[in-house]
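Here is a brisk report on one protein model.

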Amino acid sequence: MAIYIPTPPPQASFAAPSNHVYGAAASFPSIPCRRPLLVLCCQLSDHQTAPQVAVPSRPVTINRSLLSVSATSSEAELWAAACLRVRTFYDFNEQTFGIEDHKRYLAEREFEALKERVAGKRKGFRKVSCINATLPISCVVNVSTDLCSSCKFSQNGEDRVVVGTLDLNQCVSLPDEIVGMKPQGIGSDFARAYISNVCVAEELQRNGLGYELIAESKSVAEDWGISDLYVHVAVNNEPAKNLYIKSGFTLESDEPAWQARFLDRPRRLLLWTALPITYTL
């Protein structure tokens, strides 16, 4: 399905990264950008991912007692998660004309697509949960004022910041991705789920936030009755592969080279893990 994208002003030559697409399949307005510091998963919405480069050498230590990892509870939090995804997966030339407007456009596009999926309105998705890692703004303000201003939301009278996010998708398959083969049998498709859109704010990487997000997604998936959990990862994304393998995932299959070339992206691996099945009497 193609989505109409307004033509940007001539002063702003915009182009989304060729290997990283937001929202549904669509042509993108052009924006000069560089690669992100770290991409933990290969899909954003219906998106593709970019390979990572070096992670920060001096990580900031967070107060884990103040960390909350849970499913999104408000539209304000969904908006903050959408902003973190744009901030993480794109690195913009701040001198480009109209760059702030374009950042907001990308965030609005991701926000609307995310709302649609979480509300159960996207065809092909049985359930979708946006799972976020958040901290009080007081824990983040000395680390990055930009992260605070971009990804802040209010919850129960407290200002918090989304510092990590992912989607858990109960569905047969994700668009343009390898399809999982487990489980099999009648009705088995409802017992399969995929993790996508995993990202952590670059300033707070190396704090185990990726592991916390994966652990919470497993817990939510178990509550849904999911028995087989999948994640796609670019073959050259070593930090992401290490994260998933340490979280219990193993290789099930890999993407044919011709398909990766056709989609103009790094080749994908499909990783799988089994979840405990809880029987209710």
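## Helix α1

Helices here are DSSP runs of H or I with at least four residues; strands are runs of E with at least two, and both are numbered from the N terminus.

α1 is mostly covered, with twelve of its 15 residues buried. Buried means under 20% relative accessible area, exposed over 50%, and partly exposed in between, using a 1.4 Å probe and protein chains only. The buried set includes E77, L78, C83, R85, R87 and F89.

## Basis of the model

This is a predicted model: local features need pLDDT of at least 70, side-chain atom pairs count only at pLDDT 80 or more, and totals for chains, interfaces and linings use all residues. Residues are numbered from 1 along each chain as its sequence is written, and side-chain values use heavy atoms, leaving out hydrogens and water.

## The whole chain

The protein chain has seven helices and ten strands. Of its 281 residues, 52% are buried. Contacts (heavy atoms within 4.5 Å) are counted here between residues at least 6 apart in sequence; 72% of them join residues at least 24 apart.

The chain exposes about 12,900 Å². Carbon and sulfur atoms supply 54% of that area. The areas come from the Shrake-Rupley method with a 1.4 Å probe; for residues, only the protein chains shown count as cover.

N237 lies in the loop between β8 (228-234) and α6 (238-246). It counts as buried because its relative accessibility is 0%. Its side chain reaches the backbone nitrogen of A240 at 3.3 Å.

## Aromatic rings and charges

Rings of Phe, Tyr and Trp (its six-membered ring) pair if their centres lie within 6.5 Å; planes under 30 degrees apart are stacked, over 60 edge-to-face, and the rest tilted. The count is three aromatic pairs. One of them is Y244 with F249, edge-to-face at 5.9 Å centre to centre and 70° between the planes. Y244 is buried at 0% relative accessibility, and F249 is buried at 2%.

A charge sits over a ring if NZ of Lys or CZ of Arg is within 6 Å of the ring centre and within 35 degrees of the ring normal. R126 has its charged end over the ring of F190, 4.0 Å from the centre. K182 has its charged end over the ring of W272, 4.4 Å from the centre.

Definitions and conventions
A polar contact is a pair of N or O atoms within 3.5 Å; within protein, one must be able to donate a hydrogen and the other to accept it, and residues adjacent in sequence count only if both atoms are side-chain atoms.
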